[in-house]
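Please open the structure in your viewer and have the selection tool ready. We will take it one stop at a time.

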Amino acid sequence: MTIPAPHGGTLVNRVLSGDEARSAEQTASNLKKAPIGERVQADLELIAIGGLSPLTGFMGQADYRAVVEEMRLANGLPWTIPVVLDVDAETGKSLENGERLALVDDGGQVAAVLTVDDVYSFDAKNEARKVYRTDEDAHPGVAAVYARGEMLVSGPVDVLRLPEHDFPELRLKPAETRAAFAEKGWQTVVGFQTRNPIHRAHEYLQKVALEIVDGLLVHPLVGATKSDDIPADVRIRCYKALLENYYPKDRTLLSLLPAAMRYAGPREAIFHALMRKNYGCSHFIVGRDHAGVGSYYGTYDAQKIFAEFDPAALGITPLMFENSFYCRACEGMASNKTCPHDGDSRVILSGTQVREMLARGEEPPHEFTRSEVARVLIESMRR
């Protein structure tokens, strides 16, 4: 096995540079403008750098409907999450095919120019039910769908500037992670998605996976998340502390994914895997309740969905793990597959229990999380 080709075969690059960028920026001053929020900006950045290959812009009606109803693009390529640009009804009705539209970021700058090829309405409740398996607005992904403007606009984008971020040295583009893997001589790479600090169970999954591949890409998502999720800068300090002390430096790479969370459970597991394929991963870890929220999805639904796709069409191998924990009787990390002991021997804490301990300045048990990570979290809660 070797590093897979990008999804669809070609790594997309929609970032203009030099004279092209300057010319587009001058032209943009005379175009109609559409503001884009944090989530659309994240999608725009990923389109621009190839993280959402083969997309060259926001989805048209045929792709949108195929994704919502069939979990595929109109050409049959697996795809599970709509990537769309919304506008208000007045703007949508004023646009014509072939017209160019300036996309303005939350800082008031033109981030990209889109060439319109489709303007269409959409059924928000139908999308919610199909993609998120619920139409309740208590679900954060559904709430984001309901908050869109009334119409969707599609077309290829030319990106004038990428957002400025903290930790730029960790924000490797897909072409850069692929180059890093090649330089390291890695032919097989496992990607790990997280929006939380890594505790001992996560570490266990990663290291088991690392036994069968050449390298590990720790690839935390740092785009928009729920308000009660741990901030990205705190999480990054946790990742750095952990990788510095407990991972082989020559077999591990930390990079950040500028995506927004959808909390779409099973469908988002496929979406996350395809993005990691574009970054060069041959394998992808899928654990318990991947990309879940609340009780909307079954514990292992995000693993079961992979059976609905042709493995060759996905082009990335899922590594599926059961819930892991430290067993005092086994004296090591284990799962239901490997541990015969009852719950009293197992060190398992809920998120609420962990937050309460950290708030009191207490470190959770060493069997649950590394002290270096706990100290970063305790310090952040005292700010």
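**Before you start**

This is a predicted model, in which local features need pLDDT of at least 70, side-chain atom pairs count only at pLDDT 80 or more, and totals for chains, interfaces and linings use all residues. Residues are numbered from 1 along each chain as its sequence is written, and side-chain values use heavy atoms, with hydrogens and water left out. Helices (H or I, at least four residues) and strands (E, at least two) are DSSP runs, numbered from the N terminus.

**Stop 1: two helices**

Two packed helices are described by the angle between their axes and the distance between the axes. Select residues 232-246, helix H9, and residues 371-381, helix H14: they pack at an angle of about 160 degrees, and their axes are 8 Å apart. (Axes are lines fitted to C-alpha atoms, for helices over the stretch in contact, and angles run from 0 to 180 degrees between N-to-C directions.) H9 is therefore roughly antiparallel to H14, a term for angles over 145 degrees.

Now show the side chains. On the H9 side, the contact (heavy atoms within 4.5 Å) includes Val 234, Arg 237 and Leu 242. From H14, look for Glu 372, Val 376 and Leu 377, among others. By class, this contact has 8 nonpolar, 2 polar and 3 charged residues. Here Ala, Val, Leu, Ile, Met, Phe, Trp, Tyr, Cys and Pro count as nonpolar, Asp, Glu, Lys and Arg as charged, and the others, Gly among them, as polar.

**Stop 2: strand E5**

Next, select residues 110-115. How many of the 6 residues of strand E5 are buried? The count is 5, so E5 is largely enclosed by the rest of the structure; buried means under 20% relative accessible area, with a 1.4 Å probe and protein chains only.

(Two strands pair if DSSP finds at least two bridges between them.) Find Ala 102, opposite Val 113 in E5. In the hairpin of these two strands, Gly 108 has a positive phi near 85 degrees.

Strand E7, residues 151-159, also pairs with E5, antiparallel over 3 bridges. Ala 112 has Val 159 of E7 as its bridge partner.

**Stop 3: a three-stranded sheet**

Finally, select E14, E13 and E15, which form an open antiparallel sheet in the order E14-E13-E15. E14 (332-335) and E15 (346-347) each have a single partner strand, so one side of each has no neighbour in the sheet.

Technical notes. Parallel < 35°, antiparallel > 145°, perpendicular 65-115°, else oblique. Buried < 20%, exposed > 50% of the residue type's maximum accessible area, 1.4 Å probe, protein only.
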